[in-house]
Amino acid sequence: MARDNHHSPADLHRSSPNAMRMNRLMRMTRRDALLMGMGTIAAYGIAGAASAGSAADPGIEQFMEVSRCLTDRSQLDPRIGAALYAGFIHATQERKAQISKLYDLLKNDRSATASEFAKAAEQTDSSLKDAIHDIMTGWYRGVADGKVVVYRSALMFDITKDAIFPKTYAAGGPFYWTTKPPEVARPTGLPALSPSSFVVEPT
């Protein structure tokens, strides 16, 4: 009679603790490898979809160029930019054309600073002020179309990361908040745009 290759319950009792532990680890390794493979496929699929969306709409790159000028930053996360852009054009029909107009203005004067560019844009077309406001609010607060696009990576936390941590984040040790925060110089710049009406947002 052929020997049965399946392990009987008695085999498990005769196994050493190390062999049983290794058996469990091997099962976990195979499972984790399968989950990792599925995650990799999903990640590449999402990245490919984002790249396809960026290639399909040249307005996203125009938005990124304008954003880099207005925020005075050479590097901005393109994934956040694509999400902000999608929120802006979904919320306001005119935003796509306004972003394109801002891009054309920027191309005509590459030497302009962020402040000079904002002033020139408002003087050219007063409606561009609202578009600039939305762009700056989006990057610094991480909000577009009334929805939170990004929280921890919003630029408002980046400029104060040496003194203030985002709510629900604690980067220091126990009772770090009892120490005196570093001194912050008072801003000396002047607003680039004309005053806007004050809006009280719901909390």
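User: Why does Asp145 count as partly exposed?

Analyst: This is a predicted model, and the value computed from it for Asp145 is 25% relative accessibility. Buried means under 20% and exposed means over 50%, so Asp145, at 25%, falls in between and counts as partly exposed. You will find Asp145 in the loop between strand 1 and strand 2 (147–148).

User: What makes the backbone of Asp145 worth a look?

Analyst: Its phi angle: Asp145 has a positive phi of about 55 degrees, although it is not a glycine. Most residues other than glycine have a negative phi. Asp72 is another case, with a positive phi of about 60 degrees, and it is not a glycine either. Asp72 sits in the loop between helix 3 and helix 4.

User: Why is Asp72 called exposed?

Analyst: The relative accessible area of Asp72 is 65%. Exposed means over 50%, so Asp72 is exposed.

User: Now for the inside. How do you know whether Gln62 is buried or exposed?

Analyst: Gln62, which is found in helix 3, has 19% relative accessibility. The limit for buried is under 20%, so Gln62 counts as buried. Leaving aside neighbours within four places in sequence, Gln62 is in contact with Ile99, Ser100 and Tyr103.

User: Gln98 is another glutamine. Why is Gln98 called buried?

Analyst: Gln98 has a relative accessible area of 10%. That is under 20%, so Gln98 is buried. Gln98 lies in helix 5 and touches Ser127, Leu128 and Ala131, not counting residues up to four places away in sequence.

User: What makes Ile99 a buried residue?

Analyst: Its relative accessible area is 1%. Since buried means under 20%, Ile99 is buried. Ile99 is found in helix 5. Leaving aside neighbours within four places in sequence, its contacts are Gly59, Gln62, Phe63, Val66, Tyr85 and Ile135.

User: What makes up the largest nonpolar core?

Analyst: The largest nonpolar core has 28 residues, and those with the most contacts inside it are Phe63, Leu102, Phe117, Ile135 and Trp139. Helix 3, helix 4, helix 5, helix 6 and helix 7 each supply at least two residues of this core. Take Phe117: leaving aside neighbours within four places in sequence, it is in contact with Val66, Cys69, Leu70, Leu102, Leu105, Leu106 and Ala112.

User: How do you know that the span of helix 7 is close to the expected one?

Analyst: Helix 7 has 14 residues and reaches 19 Å from its first C-alpha to its last. At 1.5 Å a residue the expected span is 20 Å, and 19 Å is close to that. Just after helix 7, Gly142 takes a positive phi of about 75 degrees.

User: Which residues of helix 7 are buried, and what covers them?

Analyst: The buried residues of helix 7 are Leu128, Lys129, Ala131, Ile132, Ile135, Gly138, Trp139 and Tyr140. What covers them includes helix 3, helix 4 (78–91), helix 5 (95–108), helix 6, strand 1 (143–144) and helix 8 (155–158).

User: And the second largest pocket: which residues are closest to its centre?

Analyst: This pocket has a volume of about 360 Å³. Of the 13 residues that line it, the closest to its centre are Leu70, Ile132, Met136, Tyr140 and Leu193. Helix 3 (59–71), helix 6 (114–124) and helix 7 (128–141) are the elements that give two or more residues to its lining, and the largest share, 6 residues, comes from helix 7.

User: How does the lining of that pocket divide into nonpolar, polar and charged residues?

Analyst: There are 8 nonpolar, 4 polar and 1 charged residues in the lining of the second largest pocket.

User: Last one: what is the pattern of the chain as a whole?

Analyst: Read along the sequence, the protein chain follows α-α-α-α-α-α-α-β-β-α, which comes to 8 helices and 2 strands. Buried residues make up 22% of its 203 residues.

Terms used: Residues numbered from 1 in each chain as written. Predicted model: local features only at pLDDT ≥ 70, side-chain atom pairs only at ≥ 80, totals over all residues. Heavy atoms only, no water. 1 Å grid on protein atoms, 1.4 Å probe; cavity = no way out; pocket = protein on both sides within 12 Å on 5 of 7 lines; lining within 4 Å. Points joined across faces, edges and corners; volume = space filled by probe spheres on them. Helix = DSSP H or I, 4+ residues; strand = E, 2+ residues; numbered from the N terminus. Nonpolar A, V, L, I, M, F, W, Y, C, P; charged D, E, K, R; others polar. Expected span 1.5 Å × (residues − 1). Buried < 20%, exposed > 50% of the residue type's maximum accessible area, 1.4 Å probe, protein only. Contact = heavy atoms within 4.5 Å. Core = buried A, V, L, I, M, F, W, Y, C linked by side-chain atoms within 4.5 Å.
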